[in-house]
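Hello,

Here is the structure I promised to pass on. Have a look at it first, and then read on for what turned up in it.

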Amino acid sequence: MATAEAAAAAEIVREIAAVGAADLAAASDPLRADCLRLARKVSLLPHLLAEVAEAAGEDAAGQPEAVAWVADLLRALQAARRFVALGRAPAPATGAADQDVIDKNIAVQFKYVTWQLQAALTNLPHSCFQISDEVQEEVDLVRGQLKREMEKKGALDVNIFSKIHDILVHHADTVGSQSQEPDGQAETLQMENFSSDQLELQNVALLVSEISGVAKSDIKKITSELIEGLENTIVTDSAKPIDVDSQTSDDTKGSPDDVKKPESVAMPEDFRCPISLELMRDPVIVSTGQTYERAFIQRWIDCGNRTCPKTQQKLQNLTLTPNYVLRSLILQWCEEKGIEPPTRSKYEGSSVEVGEDRLAIEALVRNLSCSSLDERKSAAAEIRSLAKKSTDNRMLLAESGAIPALVKLLSSKDPKTQEHAVTSLLNLSIYDQNKELIVVGGAIVPVIQVLRAGSMEARENAAAAIFSLSLIDDNKIMIGSTPGAIEALVELLQSGSSRGRKDAATALFNLCIYQANKVRAVRAGILSPLVQMLQDSSSNGATDEALTILSVLVSHHECKTAIAKAHTIPFLIDLLRSSQARNKENAAAILLALCKKDAQNLACIGRLGAQIPLTELSKTGSDRAKRKATSLLEHLSKLQVL
């Protein structure tokens with residue numbers, strides 16, 4: 001069964017990967033873009049499916065865990081194919097209002113498809129399949145890209161998607177009614193049994209059922225089960241409601257004197273903000289999937305914290321996505337219990353500085369374009385400070401038109417004004433939605449000009465801005481293809497200040513995740529400063545950064561050849577002997593990539609005495625280091641036999 005499903009999954013991957021812009025000509029702009037991005041990510045999975053198919057006949061691959069995972073991956077790919085099919089279908093003639101609704105519905109389906117595929121790749125059972133390190137790195141890349149897509153779109157609570165997925169899988173297993181393509185439009189179903197307060201939840205359930213291929217005849221039943229199941233995830237068993245409604249008439253319930261406070265009724269724990277422990281009024285989701293009251297998590301972030309308070313995981317971005325589903329359930333619960341809904345806190349919002357005064361910010365933005373150089377410089381300096389302090393300030397500055405005015409100031413002949421402008425854009429870009437506005441505003445070329453010819457601090461912050469902007473996948477392509485961009489970063493890596501080299505290394509690493517930029521970086525001369533950084537024993541940070549970039553570059557054949565010709569192998573072997581544990585691990589990984597299917601490189605590391613440090617690493621290193629070292633030793637052993 002696993003063999004057949006693996007083959008079916010591989011066929012779907014080939015089908016989706018073949019989709020191009022011409023196939024999506026009839027789709028609306030948002031749908032076309034979503035389909036193309038999804039196709040690009042799926043196109044990286046053929047190697048994974050090939051290795052899964054090779055292992056399908058082995059005993060381990062026949063275990064229930066392996067069979068279940070292949071089935072789950074197949075379901076995720078089937079949903080992805082259905083989504084791409086939406087882009088291939090002729091677009092219906094609609095008005096502007098109807099098109100807006102369609103776009104929002106498509107966004108929900110796209111988020112579910114990306115979440116489902118990301119979840120499947122995350123749950124890959126390594127014990128059942130012999131996945132190579134190179135393929136695992138591809139899987140990690142795709143998984144990371146899918147996660148960023150969800151964050152960029154503004155994800156629903158992952159618990160909701162997880163519950164929907166579990167119910168749909170149970171439905172498919174017990175009823176067997178999942179079809180290959182959606183059977184008509186779910187909007188035509190009558191859902192008169194659902195209350196108006198459940199419309200948000202109902203719509204999500206309908207859209208996900210449709211993209212998951214549930215037959216039209218079953219969607220109503222499935223949607224009812226989904227709503228019931230989702231409500232049960234919020235209203236926990238431990239929080240038993242007090243039956244006040246049965247004792248209260250409609251008239252008395254509405255009386256101000258009889259309205260209850262949340263403290264008087266057992267409150268579901270999921271309705272409390274984990275920071276304030278109070279009933280949430282404006283719940284928002286952070287990048288880890290946890291939900292908080294907006295005011296309290298915003299204050300947490302404004303104080304410089306970059307971890308999730310509940311899980312202590314690092315926040316991948318600072319986007320706060322409204323959790324409309326939970327908010328709807330809270331309001332519904334308050335109404336049912338006769339509780340006064342939570343009102344806006346006097347502390348809500350960002351720090352008092354200037355979420356404070358829109359008029360003051362608009363005045364600052366106007367001063368960016370005034371005739372006086374001193375006033376322009378002063379306004380840019382103040383905006384630089386405000387944009388650093390809080391997300392609310394970043395949003396308000398962008399709304400007030402600061403970005404186009406700052407982009408113009410990048411060409412200022414005054415070095416300090418130029419420095420303030422590029423640093424302001426860097427700080428504004430921390431808010432993800434501003435990244436697109438900055439790129440659309442034409443900032444890339446002037447930022448690169450600052451990177452080449454500005455003051456050292458301006459160059460450092462220009463490199464940091466490029467890194468921030470390149471966190472959006474499409475921007476990696478745009479920045480990398482801009483003439484002089486990668487060359488300017490390589491120059492800063494070669495001759496910049498300590499901080500400048502670090503900023504350049506970070507930006508180059510992120511850009512080189514995209515395949516074409518790897519070749520551009522090598523042709524721009526990146527290997528020369530990287531080799532110097534490997535030799536710099538006085539700075540473990542520089543060595544770590546060089547190894548990180550090399551580990552990305554070596555996956556490209558042309559770059560792999562260039563890395564070997566740059567005489568990096570002796571330095572990598574030296575790192576195996578004397579470096580920190582993390583650097584030993586990365587050095588072994590790069591050596592393994594250089595030596596796979598390359599007898600000349602393999603013979604070279606043998607001559608340089610790599611066996612002894614590799615043997616030591618295979619016994620004492622991290623799990624990943626042990627795998628890399630053991631694999632290299634096996635290759636060396638085979639070479640000696642030959």
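A word on naming before anything else: helices (H or I, at least four residues) and strands (E, at least two) are DSSP runs, numbered from the N terminus. This is a predicted model, so local features need pLDDT of at least 70 and side-chain atom pairs count only at pLDDT 80 or more, while totals for chains, interfaces and linings use all residues. Residues are numbered from 1 along each chain as its sequence is written, and side-chain values use heavy atoms, with hydrogens and water left out.

Let's start with a loop. Thr568 sits between helix H27 (557-565) and helix H28 (569-578). Is Thr568 buried or exposed? Its relative accessible area is 1%, so Thr568 is buried (buried means under 20%, exposed over 50%, partly exposed in between, with a 1.4 Å probe and protein chains only). Its side chain reaches the backbone oxygen of Ile563 at 3.0 Å. Setting aside residues up to four places away in sequence, Thr568 touches Val531, Ile563 and Leu594 (contact means heavy atoms within 4.5 Å).

Next, the nonpolar cores, which are sets of buried Ala, Val, Leu, Ile, Met, Phe, Trp, Tyr and Cys residues joined through side-chain atoms within 4.5 Å. The largest has 91 residues, and Ile466 and Leu530 are among those with the most contacts inside it. Helix H29 (residues 581-595) gives the most to this core, with eight residues. A second, separate core of 57 residues includes Ile16, Phe83, Trp115 and Ile164.

Helix H20 (residues 456-469) deserves a look too. Its 14 residues should span 20 Å, and its end C-alpha atoms are 20 Å apart, which agrees (the expected span is 1.5 Å times one less than the number of residues). In H20, 11 of the 14 residues are buried, including Glu460 and Ile466.

How many does the structure hold? There are 23 salt bridges. In one of them, Arg499 pairs with Glu460, with the closest N and O atoms 3.1 Å apart. Arg499 lies in helix H23 (residues 498-511) and Glu460 in H20, so the pair ties together parts that are 39 residues apart in sequence. Glu460 counts as buried at 8% relative accessibility, whereas Arg499 is partly exposed at 38%. Elsewhere, Asp34, Arg37, Arg40 and Asp474 are linked in a salt-bridge network.

Happy exploring!

Terms used
Polar contact = N/O pair within 3.5 Å; in protein donor to acceptor, adjacent residues only side chain to side chain. Salt bridge = Lys/Arg side-chain N within 4 Å of Asp/Glu carboxyl O.
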